[in-house]
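Trainee: I would like to learn how to read a model of this kind with some care. Could we go through it one feature at a time?

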Amino acid sequence: MPGVERTRLQQGTFLVLFVLAAYAFWRTLEPIWVPVLLGLVIAVGVHPIHERLLRRLGGKHPGLPAAVVTAVVMVLALAITAFLVFVVGERVLEFARQLATSYEKKGAAGLLGHDLNVLLSRLGVQPDEINQRIAEAARDLAAFLGKGATSFVTGLFTAIFIFIFTAITSYYLLREGTESTYWLVEMMPLPNGQVAQIVRDVRDVTRAMLFSTAVMSVYQGVTAGIGYWIFGVDSPLVWASLTGIASILPAVGTALVWAPVGIVMLLIGRVAQGIGILLWSLVVVVFVADYILRPKLVGTRIKMSDLLVFIAIFGGIEAFGILGVILGPIAVAVLLSLLRIYQRDYRPEGPVQAHDPTQPDDSAVQTAS
């Protein structure tokens, strides 16, 4: 067999085997990609702390700082989960019991208050009709909870598995992160500088998203707590903490807390307070945070325009669910990194001299100066 044909046969065989191996690996990874991704995000986020601890130990025992940092992160995650289950859950149940007791004693008319009853009557909604709808909703809720018992047990085991596998992934990535990065740079069929740039961009966008998420959680929790206190909501610190945790999901997440609180205030006859909570939350908690602060905070740290930040975050959520908060910006960052590499190294006419429209506006001012 001529040498050229033998070479082509070998290359074709290698390509087929590579594709089959990659497909088999993806099928293996697919069931556990969520904890692997969470472990990767944790490892990237806490890597500077891990490196600082490793230097203090003189480079010895590399597994110890990885285990310590991973353990601290997972304990914090457990503490937040315990807070949600015990503190917030107990408060929600107590609130539900109060509503149920008030409904049993006064019925829907007494529960809603005089002003709201008058308004509903003018709209053609009678107390008897409200009683019927509340009873139907209670029956539907009881049926849902009864069917969801098995799903709850299954979800609990799934959550335990994700927790354990996330911790394992984070530990090994921290312990072997540098070697893995070098291996990736060597294996990719691109110049080392280009691969290193893509890795840096992914690292920067991941850390920026983690940083902005933490800052926004504090901001939205504090501002929501101020609103709950101003408008007389019971246990404002509990609801503020829950709002801050829910803010992990931009725009929609906090509404899962403040919207029911405001609606309940309306239902129990405290109309002015309920409207105040809804307006305060829409403007101060959501609009300022998600449409003013978050794009500025993220865009300046990852060199991305406000429009692309919106596309990355909200498009990522639509495509990937809650993990899209991280996956969306990473996908956009990788694409921008490849486009900049193309403009610099592969564009036939040479590098583009005009300002990059994907960059934030302030960078344009700096470039011009």
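Trainee: In which hand, right or left, does helix 6 cross helix 11?

Mentor: Keep in mind throughout that this is a predicted model. As a general idea, two packed helices are described by the angle between their axes and the distance between the axes. In this case the axes of helix 6 and helix 11, the latter spanning residues 324-346, come within 9 Å and cross at roughly 145°, and the crossing of helix 6 past helix 11 is right-handed.

Trainee: How do the residues of the contact of helix 6 with helix 11 divide into nonpolar, polar and charged?

Mentor: That contact is made up of 14 nonpolar, five polar and four charged residues.

Trainee: Is threonine 213 buried or exposed?

Mentor: Threonine 213, which is found in helix 6, has a relative accessibility of 14% and therefore counts as buried, the cut-off being under 20%. Leaving out residues up to four places away in sequence, threonine 213 touches Ile248, Arg294 and Val325.

Trainee: Which residues have the most contacts inside the largest nonpolar core?

Mentor: The general idea is that, in soluble globular proteins, nonpolar side chains tend to be buried together. Here the largest nonpolar core has 16 residues, and those with the most contacts inside it are Tyr228, Val233, Trp239, Val257, Trp258, Val261 and Ile277. At least two residues of this core come from each of helix 6 (192-230), helix 7 (236-246), helix 8 (252-267) and helix 9 (271-302), with helix 8 giving the largest share, five residues. There is also a second, separate core of 14 residues, among them Val41, Val309, Leu327 and Ala333.

Trainee: What is tryptophan 258 in contact with, leaving aside its neighbours within four places in sequence?

Mentor: Tryptophan 258 is then in contact with Tyr228, Ile277, Leu278, Ser281, Leu282 and Val286.

Trainee: How many helices and strands does the protein chain have, and what percentage of its residues are buried?

Mentor: The protein chain has 12 helices and zero strands, and buried residues make up 32% of its 369 residues. Of the contacts with a separation of 6 or more, 67% are between residues 24 or more positions apart.

Trainee: Which element has the lowest mean pLDDT, and which the highest?

Mentor: The protein chain averages a pLDDT of 75, with 69% of the residues scoring at least 70. Among its elements, helix 12 (residues 361-368) has the lowest mean pLDDT, 47, whereas helix 6 has the highest, 84. Over residues 363-369 the pLDDT is below 50, and this stretch has two contacts in the model beyond near neighbours in sequence.

Definitions and conventions:
Residues are numbered from 1 along each chain as its sequence is written. This is a predicted model: local features need pLDDT of at least 70, side-chain atom pairs count only at pLDDT 80 or more; totals for chains, interfaces and linings use all residues. Side-chain values use heavy atoms; hydrogens and water are left out. A nonpolar core is a set of buried Ala, Val, Leu, Ile, Met, Phe, Trp, Tyr and Cys residues joined through side-chain atoms within 4.5 Å. Buried means under 20% relative accessible area, exposed over 50%, partly exposed in between (1.4 Å probe, protein chains only). Helices (H or I, at least four residues) and strands (E, at least two) are DSSP runs, numbered from the N terminus. Contact means heavy atoms within 4.5 Å. Axes are lines fitted to C-alpha atoms, for helices over the stretch in contact, and angles run from 0 to 180 degrees between N-to-C directions. A crossing is left-handed if the near helix is turned anticlockwise from the far one by less than a right angle, and right-handed if clockwise. Ala, Val, Leu, Ile, Met, Phe, Trp, Tyr, Cys and Pro count as nonpolar, Asp, Glu, Lys and Arg as charged, and the others, Gly among them, as polar. pLDDT is the predictor's confidence in each residue, from 0 to 100.
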